[in-house]
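Work through the exercises below with the sequence and the 3D structure open. Each task is followed by a solution in steps.

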Amino acid sequence: MSDNQIGIIGLAVMGANLARNFASRNIKTAVYNRTFQRTEELINNHGNEFLNGYEKIEDFVNSLAKPRKIILMVKAGAAIDQVIEELKPFLSEGDYVIDGGNSFYEDTEKRVKKCKEYGLNFIGMGISGGEEGALKGPSLMPGITKEDWPKFENILDQIAAKDFQGQACVTPLGYGGVGHYVKMVHNGIEYAIMQMIAEIYDYHRKVKGLDAGQIAEIFEKINQSENQSFLSEITVQVLRRKDIESGKFLVDLILDRASQKGTGGWTSIEAIKNGIPTTTIMEATMSRSLSFLKNERNNFSKIIGRTFNDDEASVDWNQIYRFGSSIAFIQGFELLKEASKEHNWDLDFVEVCRIWQGGCIIRTKMLIELQEMFKKGQKWVELIQNNLEEVKKFILSSTQNEIALPAFSAAYNYFLSMTDKDHPANLIQGLRDYFGAHTFERIDKEGIFHENWLNE
Ligand code: 6PG
């Protein structure tokens with residue numbers, strides 16, 4: 001019988017949990033994995049009338065109701081193309097193949113075109129929330145058009161997380177690579193906020209001499225405020241965790257090298273290509289790279305010693321967190337705005353704020369205010385102008401204590417630059433014109449000018 005409503009290929013944790021999520025809503029789900037053992041394991045542990053496993057890809061495809069909807073939860077990259085080729089002989093015109101991984105949006109656009117030639121619909125869908133989100137309710141960012149949406153609305157609404165109003169955290173974002181683009185920027189913001197959390201932690205352990213458990217209290221307070229977020233909540237958990245063997249705080253035993261799979265870098269490259277200053281995301285990405293220079297850091301630290309003196313600075317951390325996170329979001333939104341214009345996506349930012357309110361890694365109560373900002377056409381500087389004094393205290397104290405604040409400094413400088421009508425770019429133009437005759441514009445007359453600088 002061809003009555004499975006959805007198919008999932010790739011049963012690593014994310015795929016398996018997503019399949020269980022569908023099945024738990026009484027949505028008949030077919031699963032397939034290259035190695036059948038994984039399928040068997042899932043079915044043995046969780047199989048029921050709504051979760052059906054298949055050994056052959058052909059049987060899996062044939063078990064699906066038309067137009068078929070198949071979500072690929074396989075590693076981004078060549079594996080996606082490989083699965084499309086494997087599926088192709090068994091699919092029918094009008095079927096949907098949905099890539100639920102962190103694929104690069106340009107690859108998604110190529111696959112949309114290629115699948116169109118095969119008579120198939122290819123959809124890139126960002127999924128956020130990690131293992132737990134996949135199982136209990138992720139935030140979904142599908143590149144689905146409004147026309148196609150009725151075919152998906154019912155099933156995706158059921159498995160998605162809920163926003164603060166109780167609506168499903170999913171919306172049809174449009175055609176092509178838009179879903180994966182929005183997810184890429186989501187991850188860029190994720191990088192920036194995580195880096196800022198790490199900077200607050202670093203300041204407290206070095207300048208204030210607090211242990212991880214004491215630093216957790218600061219984030220606990222943030223969690224009780226209107227700036228509560230998933231990332232600050234899990235920071236409390238991570239900071240408080242003790243190593244069973246040694247009884248020490250586990251975070252103190254974790255090697256200080258932060259890995260990355262690429263999405264922060266992609267966001268940064270996109271920002272450079274589009275001329276959008278997403279400086280907090282870039283600094284966060286580069287900080288992860290810098291963290292890997294462990295040997296160099298060790299060697300240089302022997303030459304340049306540090307002593308930390310608590311200058312008794314007392315700072316409202318809630319305001320600091322709010323300022324930094326807001327700038328990370330704003331920079332991400334600025335990039336999305338530009339991309340939306342360039343690709344004619346017509347992104348609805350009220351909706352983007354809404355679908356990030358539940359399930360995803362960057363969910364926070366602050367998204368209510370950001371959503372209001374878009375609704376009312378408010379200026380983002382109004383949201384955080386009152387936090388500036390506190391941020392200054394933090395930057396000052398960190399500077400005096402020689403603590404690096406890459407992401408917070410980027411946020412602070414962004415705020416200062418964006419609220420200053422006079423940028424020193426006039427001098428840069430003068431210099432460019434001096435050595436390269438690159439010309440400049442003037443503020444007192446129209447036109448393009450070149451000065452003969454060598455003429456006294
Ligand atoms: C999510 C996460 C998820 C993944 C990141 C990690 O939204 O659920 O963003 O997609 O955890 O890709 O990325 P890095 O390994 O680059 O930190």
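A polar contact is a pair of N or O atoms within 3.5 Å; within protein, one must be able to donate a hydrogen and the other to accept it, and residues adjacent in sequence count only if both atoms are side-chain atoms. The model is predicted: local features need pLDDT of at least 70, side-chain atom pairs count only at pLDDT 80 or more, and totals for chains, interfaces and linings use all residues. Residues are numbered from 1 along each chain as its sequence is written, and side-chain values use heavy atoms, with hydrogens and water left out.

**Exercise 1.** Find which atoms of Gly-130 and Arg-288 lie by an oxygen atom of the ligand.

Solution. Start with Gly-130: a polar backbone atom of this residue is 3.2 Å from a ligand oxygen. Next, Arg-288 places a polar side-chain atom 2.8 Å from an oxygen atom of the ligand. Finally, Ser-128 also uses a polar side-chain atom, at 2.5 Å from a ligand oxygen.

**Exercise 2.** Explain why the ligand lies between two domains.

Solution. Take the domain bounds, which come from an automatic or database domain assignment. Domain 1 (6-172) and domain 2 (182-418) both contribute residues to the shell, so the ligand lies between them.

**Exercise 3.** Decide whether the residues of strand S6 (residues 121-128) are buried or exposed.

Solution. Apply the cut-offs: buried means under 20% relative accessible area, exposed over 50%, partly exposed in between (1.4 Å probe, protein chains only). Strands (E, at least two residues) are DSSP runs, numbered from the N terminus. In S6, 8 of the 8 residues are buried, so the strand is largely enclosed by the rest of the structure. One side includes Ile-123, and the other includes Ser-128.

Note on methods:
Helices (H or I, at least four residues) and strands (E, at least two) are DSSP runs, numbered from the N terminus.
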